[in-house]
Amino acid sequence: MGKEKVFKTIDEQVDILEAKGLTITDREKTKNILLKENYFFISGYRHIFMRSSKENKFRKGTTFDELYALFTFDRKIRNIFFKNILVVENNIKSLISYQLSKKYGFKESDYLNPKNFTSNPLKERQVLDIIEKMRRQIRVNGQKHSATIHYMSNYGYIPLWILVKVLSFGITSELYSILKIDDQDAISSFYHIDSSTLSIYLLILSNYRNLCAHEDILYDHKTQKCIPNSRFHDLLIIPQIDDEYIYGKNDLFAVVIILRQLLSRIEFNEFCNELHDQIKNLKKQLRSINIVSVLDKVGFPSNWYEIKDIL
């Protein structure tokens, strides 16, 4: 077991940062920020400013203002990614509910029939598990949300286009993964991508959505799953090591590639412009490191912005 952590006062927290070589120009301002934002969370951004992975000291000249600027940058891009992932989440829920309601019926006794889903014996348990999760949402939310209350009170059932509003993105991505192939294809064709790719995209977006919703550190997050190689990797001439692209596979740029294919062009261009503004803003505030090292951590190639001009 490691050494037990003990409570530190705000003054002690500032002293620890100074002892590690961080320059504090305004102690009272720093104390106020640490109290409001949480020392542990802000210190989670320190790694890129350290002299090396082994030496627990900040680079010479690193200021608390720079550390806080990266923290603020992450918060702002987290909000940008979050609102755009929510757009995709809503679209996917609408497409799934339309496809299943049209084909199998709009009452839960119709659309939750196990026969409506994949007959793959390896997924039999998963099918029953997800159906039960959806039934639980009907029980839990039936008397909570105005729309579900309305349908339960007036009609005695909740149609799928209402139920999807209270399903998590995680359950929604799982739901897509257990659909019959022709239903998956009908939905993925809307985006002009194949169903197996969309299934991976939804799992990754669900993971990042949860990070965003819980204010976790976003900028250097990596997922276990990788997205398939795409024409965007090729056209942006992303470097490779051992035939593997070094950016845009399981990092934040992979999410950019996903959103390029799942958002409308207008939505995606606005998304890119907002990201671009935040990167320019951070660049102005950095002194001890440069923006290239931050982009490398995020998984963004230097020419990332060109993705919005790819037809």
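Q: What makes up the lining of the second largest pocket, by class?
A: The lining has 13 nonpolar, three polar and three charged residues. Ala, Val, Leu, Ile, Met, Phe, Trp, Tyr, Cys and Pro count as nonpolar, Asp, Glu, Lys and Arg as charged, and the others, Gly among them, as polar. This is a predicted model, where local features need pLDDT of at least 70, side-chain atom pairs count only at pLDDT 80 or more, and totals for chains, interfaces and linings use all residues. Residues are numbered from 1 along each chain as its sequence is written, and side-chain values use heavy atoms, without hydrogens and water.

Q: What makes a set of grid points a pocket?
A: On a 1 Å grid over the protein atoms alone, a pocket is an open set with protein on both sides within 12 Å along at least five of seven lines. A lining residue has an atom within 4 Å of a point. The second largest pocket has a volume of about 250 Å³; a volume is the space filled by probe spheres set on the points. Of its 19 lining residues, Leu 295, Pro 301, Ser 302, Asn 303 and Trp 304 are the closest to its centre. Helix H14 (265-285) and helix H15 (291-298) are the elements that give two or more residues to this lining. Helices are DSSP runs (H or I, at least four residues), strands likewise (E, at least two), numbered from the N terminus.

Q: Why is Asp 183 called buried?
A: Its relative accessible area is 0%. Buried means under 20%, exposed over 50%, partly exposed in between (1.4 Å probe, protein chains only). Therefore Asp 183 counts as buried. Asp 183 is found in helix H10 (residues 181-188).

Q: Which residues does Asp 183 touch, leaving out those up to four places away in sequence?
A: They are Gln 99, Leu 100, Lys 103, Tyr 104 and Asn 116. Contact means heavy atoms within 4.5 Å.

Q: Why does Ile 237 count as exposed?
A: Ile 237 has 69% relative accessibility, which is over the limit for exposed. Ile 237 sits in the loop between helix H12 (231-235) and strand S1 (240-241). Its phi is positive, about 50 degrees, although Ile 237 is not a glycine.

Q: Is Asp 243 buried or exposed, and what is its relative accessible area?
A: Asp 243 is exposed, at 65%. Asp 243 lies in the loop between S1 and strand S2 (244-245). Phi of Asp 243 is positive too, near 65 degrees.

Definitions and conventions. On a 1 Å grid over the protein atoms alone, a cavity is a set of points where a 1.4 Å probe fits but cannot get out, and a pocket is an open set with protein on both sides within 12 Å along at least five of seven lines; lining residues have an atom within 4 Å of a point.
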